[in-house]
Amino acid sequence: MSARRIVVIGAGPAGLAAAASAARAGADVVIVDEGERVGGQFWRHHPAFTDQRLQHQLGRFRALESALAGVRVLSSASVWRVESGAPLRVHALVGPVDGTERQGETLEADAVVLATGAHDRVLPVPGWTLPGVTSAGAVQALAKRDGVALGTRTVVAGAGPFLLPVAQSIAILGGDVAEVVEAASIGTILRGWGARAWELTAAAGKAGELGSYVASLVKTRTPYRFGSAVTRIHGDSVVEAVTVQRIDADWRPVAGTERTVECDAVALGHGFTPRLEAAIQFGCDITPERFVRADEQQLTTVPGVFAAGEITGIGGADAALAEGEIAGLSAAGIRASDPLLRAPVAARRRMRAFAARLATHAIRPGWTAWLDDDTIVCRCEAATKAAIAEYSAASSRGMRLATRAGLGACQGRTCGRSVEDILGAPSGIDRRPVLSSVRIGELAAHRPTHPLIEEES
């Protein structure tokens, strides 16, 4: 019997774990990833690991790299189309995104593991289009990959534990973190993380990480503001200062609590949004919470398509590693009762207790109160809050045609959920199955695989 053919889309923790475990089980594995090097956002790095203090779990990364012997890796590869059926098909363009000589490749598989990860969610703020404002994830990427700090004095603001490593990275590079501004109040955090605290003992490794982050804040005397938000960013041509304001439990700004903090850079991060485009194009069921629905074997509702990591629920690298290993073994045909699955299943169970606590930092709907009417919400098409709100009674299609919100280059990935918060109703503009941009010439050079297309051509 020939080895099962498996394609893994994504080379972050979940994708690498899936590929390594599937290869260990005897499968013929191909990894397709848009990055120049494997590792994803978590292990984004310079080939020489310029400063290892900026990297986490390097031992696990190197072990996974070593386990990829015999696995074909397509880096700088953009997946632009996927097809369900037997066989499953993955169409990719290999080469730099801005290059003119990308080569098309179609991979046929018995199983596909989706490990496409997530990207930052950043809430719009008046002034957020000024140079010097970026996502917290971008700040982390610059630090890990290039050893570059965004500015000399940075305000890190948003919600969730990810603000901590971002602040630490800036400090390691010699930058000054003016403040870390966390939207959740101290009471909310204590209630959310303190409830059934014994469940977190199984994720003891996280305590060590937290300790290092706290030590960094203490060493640099960085203020940590709870129950607050950056509600305005000031500057003529670049960032000069921000307004930090107390917010209530619904995230509405509290009048009279405004403070001005001078800075030349702002890192915003309000959690993460899963990258669902490939799952949507495959036809996988998406939950109301915007995650791919997967069973205990990480199998989606589409035969042969598995999902692992942040697209099934935001839970961090350890959860992604466990889910990836389960998905890879299952895709390779390993049964649920096999002893090989015991360790990753147990690890997944442990990390789910940690992941559940992240809801403590969930975005509340009152945040839209800090927007001005002329605040740009959709950056691709420069659609403002007022323009979007004007069409709140229109259909989703009507709103998009009138404002072009969500119809730009990012296809609603950045603005989609913010638009919905302003409208107070689902719009679906972040659920478009567009995976990546394709040039007309590249599309023309593609060899059709769909029977109907072949017949018509």
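A: L210, V214 and V218 make a nonpolar surface patch of about 260 Å². The model is a predicted one. V218, one of the patch residues, has its place in helix α6, residues 205-220. Residues three or four places apart in an α-helix point the same way, because the helix has 3.6 residues a turn. V218 has a relative accessible area of 60%, and because the cut-off for exposed is over 50%, V218 counts as exposed.

A covered part of the chain comes next. Strand β5, residues 88-94, is mostly covered, with 6 of its 7 residues buried. β5 is paired with strand β4, residues 77-83, through 6 bridges, and these two strands run antiparallel. Within this pairing, L93 of β5 is the bridge partner of S78. The two strands form a hairpin, with 4 residues between β4 and β5. G85 sits in that turn and has a positive phi of about 120°. β5 also pairs with strand β6, residues 103-109, again in the antiparallel sense, over 7 bridges. There, A109 of β6 stands opposite L88.

Helix α3, residues 136-146, has several buried residues: A136, G137, V139, Q140, A141, A143 and K144. After α3 comes G147, with a positive phi near 65°.

R44 leads back to this helix. R44 lies in the loop between β2 (28-32) and α2 (58-66). Leaving aside residues up to four places away in sequence, R44 touches G39, Q55, A141, K144 and R145. Of these, A141 and K144 are among the buried residues of α3. The side chain of R44 also has a polar contact of 3.0 Å with the side chain of Q41. R44 has a relative accessible area of 21%; because buried means under 20% and exposed means over 50%, this value falls in between, and R44 is partly exposed. From C-alpha to C-alpha, R44 and I172 are 16 Å apart in space, while 128 residues separate them in sequence.

Conventions: Residues numbered from 1 in each chain as written. Predicted model: local features only at pLDDT ≥ 70, side-chain atom pairs only at ≥ 80, totals over all residues. Heavy atoms only, no water. Buried < 20%, exposed > 50% of the residue type's maximum accessible area, 1.4 Å probe, protein only. Contact = heavy atoms within 4.5 Å. Polar contact = N/O pair within 3.5 Å; in protein donor to acceptor, adjacent residues only side chain to side chain. Patch = residues over 30% accessible without salt bridge, like charges linked within 9 Å, V, L, I, M, F, W, Y side chains within 5 Å. Areas by Shrake-Rupley, 256 points an atom, 1.4 Å probe, with all protein chains shown as cover. Salt bridge = Lys/Arg side-chain N within 4 Å of Asp/Glu carboxyl O. Pairing = 2+ DSSP bridges.
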